[in-house]
Amino acid sequence: MAYEAAAEMTADEIDETLSAMARAATDLLQECEAAQQRMEEWNDLSEAEIRDRSGQSALPYRPERVLLSLRLQLATDSAKMYRVAAREFVSWWTDAAMAAWKSSVLGTPLVRARLGGAAPGTLMTKEELALLPAVDERTRQLVELSMFLGVPDAMGETAVLPDDEPEARRQRLWGDFWIEHRIPALPEPQEWDLLLAHAPEHAAEHLRNTAGAVIQAALAGQRISEIEDNDAPWSSAEIAEYDCLSEQLSSVTTRLADFAQAITVSLPEVRAAHSDRGDDFG
């Protein structure tokens with residue numbers, strides 16, 4: 001069957017797609033962790049080599065030393081790229097899962113183009129872009145301002161992006177959630193109440209906790225910026241807080257994955273509970 005961007009997805013198709021995203025995200029996160037470990041191993045070797053050559057008169061440009069530096073740089077670049085890729089992929093999964101959750105509760109159709117709206121490494125046709133939610137005024141202003149000021153993306157690059165590029169679509173779909181915090185847009189409080197009200201109690205509690213963990217980790221970045229802006233010597237309490245916040249911030253991607261997984265496994269129960277109530281929010 002030919003791909004139809006405007007085709008409404010069935011519950012089975014949605015569940016199969018989200019489950020496939022979960023498996024792929026698990027693989028990517030494992031690869032990301034392996035890349036981080038390789039970087040740390042090469043960094044340890046580099047530091048050991050620096051200690052070993054301390055006080056020696058040997059030339060600093062010996063081939064093995066240069067090769068070690070190159071390997072460390074390659075490992076560092078790879079780890080960074082994996083972190084960016086993992087954040088983008090898991091954010092896509094989270095966004096797709098939330099779109100499916102809202103569709104189930106509100107009884108609104110979910111088209112294929114919407115589920116793939118934030119897919120990294122892909123381009124969309126004009127027909128597919130037309131099926132995505134319209135850009136609200138605040139998001140439009142933020143995107144235009146970020147481009148005008150040359151605000152860098154996660155890789156530190158600045159560019160005016162075509163509408164079909166993944167980064168442009170992420171900004172369109174998620175607005176300041178992505179521009180400021182690098183996470184997909186989360187529901188407003190009233191929407192949260194509606195969504196959680198239509199989930200079984202145990203599922204609602206897990207969804208609430210995993211979403212709260214994402215918000216906590218994302219907001220850690222704001223506090224980190226406040227501490228870094230302090231020119232005065234840091235107190236021991238601030239140093240401890242900074243270390244704790246840094247650990248939280250580095251866990252955003254895995255916390256997003258936990259939230260996306262919570263939605264993915266809860267969807268069948270959410271549909272069943274919604275069907276049993278016979279509610280109509282269309």
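Guide: A nonpolar core is a set of buried Ala, Val, Leu, Ile, Met, Phe, Trp, Tyr and Cys residues joined through side-chain atoms within 4.5 Å; buried means under 20% relative accessible area, exposed over 50%, and partly exposed in between (1.4 Å probe, protein chains only). The model is predicted, with local features needing pLDDT of at least 70 and side-chain atom pairs pLDDT 80 or more, while totals for chains, interfaces and linings use all residues. Residues are numbered from 1 along each chain as its sequence is written, and side-chain values use heavy atoms, leaving out hydrogens and water.

The largest nonpolar core holds 48 residues. Leu 18, Trp 93, Trp 101, Leu 207, Phe 259 and Ile 263 have the most contacts inside this core, a contact being heavy atoms within 4.5 Å. At least two core residues come from each of helix H1 (11–52), H2, helix H6 (166–174), helix H8 (189–197), helix H9 (201–228) and helix H11 (252–277). Helices here are DSSP runs (H or I, at least four residues; strands are E, at least two), numbered from the N terminus. H2 contributes the most to the core, with twelve residues. Ile 263 touches Ala 97, Met 98, Trp 101 and Leu 207, leaving aside residues up to four places away in sequence. A second core of five residues is separate, and includes Ala 5, Ala 113, Met 124 and Leu 132.

H2, which spans residues 63–106, also contains Leu 70. Leu 70 makes a nonpolar surface patch of about 420 Å² with Tyr 61, Val 66 and Leu 67. Patch residues have over 30% relative accessible area and no salt bridge; nonpolar side chains (Val, Leu, Ile, Met, Phe, Trp, Tyr) are joined within 5 Å, like charges within 9 Å.

Now the charged pairs. A salt bridge is a side-chain nitrogen of Lys or Arg within 4 Å of a carboxyl oxygen of Asp or Glu, and a search of the whole structure finds twelve. One of them joins Lys 102 to Glu 191, with the closest N and O atoms 3.7 Å apart. This pair links distant parts of the chain, since Lys 102 is in helix H2 and Glu 191 in helix H8, 89 residues apart. Lys 102 is partly exposed at 25% relative accessibility, as is Glu 191 at 27%.

Two other pairs lie within helix H9. Glu 205 bridges to Arg 208, their closest N and O atoms 3.1 Å apart; these residues are three apart in H9 and therefore separated by about one helical turn. Glu 205 is partly exposed at 40%, and Arg 208 is partly exposed at 41%. Glu 226 and Arg 223 form a salt bridge with a closest N–O distance of 3.2 Å, and they too are three residues apart in helix H9, about one helical turn. Relative accessible area is 49% for Glu 226, which is partly exposed, and 29% for Arg 223, also partly exposed. Elsewhere, salt bridges with shared partners join Glu 88, Glu 167, Arg 170 and Arg 182 into one network.

Last, the cysteines. The count of disulfides is zero, a disulfide being a pair of cysteine sulfur atoms within 2.5 Å. Cys 32 is buried, with 12% relative accessible area, whereas Cys 244 is partly exposed at 41%.

Technical notes. Areas by Shrake-Rupley, 256 points an atom, 1.4 Å probe, with all protein chains shown as cover.
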